[in-house]
Amino acid sequence: MSYTMAKGNQRVDPDQLEEELKSPAGIVDLRSDTVTRPTAEMRRAMAGAEVGDDVYGEDPTVNRLERRAAEIFGKEAALFVPTGCMGNLIAIKTWTHHGDEVICEERSHVNLYELASMSAIAGCMPRVARGEDGILRWQEIEAVIRPKIYYDSQTALICLENTMNMWGGTVYPTSQVEEICDHAHAAGLKVHLDGARVFNAATALGEKVAHMTRKVDSVMFCLSKGLGAPVGSMIAGSKAFIEKGRVYRKMFGGGMRQAGVIAAAGLIALEKSPGRLHVDHENAKRLAEGIAEIPGLGIDPKKVRSNIVIFDCSKTGKTAVELCDALHPQGVWAQDTALHSVRMVTHCDVDRAGVERALVVLRDVVAKTQRKGA
Ligand code: TLP
């Protein structure tokens, strides 16, 4: 099939636009893997997508994506949701009753970056645990389970995150997830996995996502991060979970109509992107090794296992915001994640040359700040 897309008042072939469809020229955007732009193949599929009204369950492309996601994860059913935040919230709402507690890691996304939606909307309290490099063990979880006393709020759900974003993309060993699930289930608790980047975890482990998630009760994963789709996440679990989840998706305003237009890109992301994530991981490793050689910056490259690199800049005398602001005009975009922590995330729109450029600019910017401070 061939077609053209409007670009200004020109008509252009999207195949020739592949480079232009990526990040703005000259910018190495490492703020997040959410910034990826859909490929020409995705855009073609979106333009040609067969659609229907998904609130009636009549969008064939969404239905295909949901079936395929369920199949890949070895779960009974899956649901296409607009965002990862909504996917997590639907799972929390489905597994809990208002007044319940949800155990999660201190730096987890559900605790820090979802606008307290588990409290504001699902009526639950986060009960945080702390794991080494963000990876929880059963002992740390067990310690914060509330006793079964009628005047205590009750623990209902454990929410794990894999990879663990704010700990630098660390990865759960599957045996540890399974041990947590076995104990949780024995204690009558459910386990939800925020697997926004579960395919990165699968790449790091060399395992299949179905194997890694077989014991969790529900999983959310994002099509719009490392997998490169423009919009959308999925939740997967039992048929009963997805049936309830569909109700909450509508209640939260996430019932979409001709969503096949975006699901079409999601299908390509799901089939094609996991196979290239190792490139992002190799780039992240190189980035971390380069950062470790810059005086004043702190990182242990051995701990970088996926596509997220978080380093300490306290010894530069600059805050993370100041450092990011100094990098920005040089075309290297990074994200502050704490007072002295900077995050750089590799993805399909950043190649090795981009990583090398980021390192040159970073070294230069840090050296200048240190000269000024001397
Ligand atoms: N993460 C974003 C920011 O919100 C921090 C990013 O740039 O990394 N779970 C995890 C582990 C995530 O990292 C994110 C997004 C989400 C859920 C939410 O996904 P969206 O943005 O689709 O709602």
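1. A polar contact is a pair of N or O atoms within 3.5 Å; within protein, one must be able to donate a hydrogen and the other to accept it, and residues adjacent in sequence count only if both atoms are side-chain atoms. Keep that in mind for Arg343: one of its polar side-chain atoms sits 2.8 Å from an oxygen atom of the ligand. The protein covers 82% of the 510 Å² of accessible area that the ligand has on its own (areas come from the Shrake-Rupley method with a 1.4 Å probe; for residues, only the protein chains shown count as cover).

2. A word on the model. This one is predicted, so local features need pLDDT of at least 70 and side-chain atom pairs count only at pLDDT 80 or more, while totals for chains, interfaces and linings use all residues. Residues are numbered from 1 along each chain as its sequence is written, and side-chain values use heavy atoms, with hydrogens and water left out.

3. Back to the ligand. Asn165 has a polar side-chain atom 2.9 Å from a ligand oxygen, and for Lys225 an N or O atom of the side chain is 2.9 Å from an oxygen atom of the ligand.

4. Who else is around? The ligand is surrounded by 15 residues, the closest being Ser32, His109, Asp194, Arg197 and Arg343 (near means that a heavy atom of the residue lies within 4 Å). By class, this shell has six charged, six polar and three nonpolar residues (Ala, Val, Leu, Ile, Met, Phe, Trp, Tyr, Cys and Pro count as nonpolar, Asp, Glu, Lys and Arg as charged, and the others, Gly among them, as polar). Helix α3 (residues 84–95) gives the largest share of the shell, three residues (helices are DSSP runs of H or I with at least four residues, strands are E runs of at least two, and both are numbered from the N terminus).

5. Now look at helix α11 (residues 260–272): its axis and that of helix α1 (residues 40–47) come within 7 Å and cross at roughly 140 degrees (axes are lines fitted to C-alpha atoms, for helices over the stretch in contact, and angles run from 0 to 180 degrees between N-to-C directions). That makes α1 oblique to α11 (under 35 degrees is roughly parallel, over 145 roughly antiparallel, 65 to 115 roughly perpendicular, and the rest oblique).

6. Two backbone spots deserve a look. The peptide bond from Asn162 to Thr163 is cis, with omega near 5 degrees, and Thr163 belongs to the loop between β7 (155–161) and α7 (174–186).
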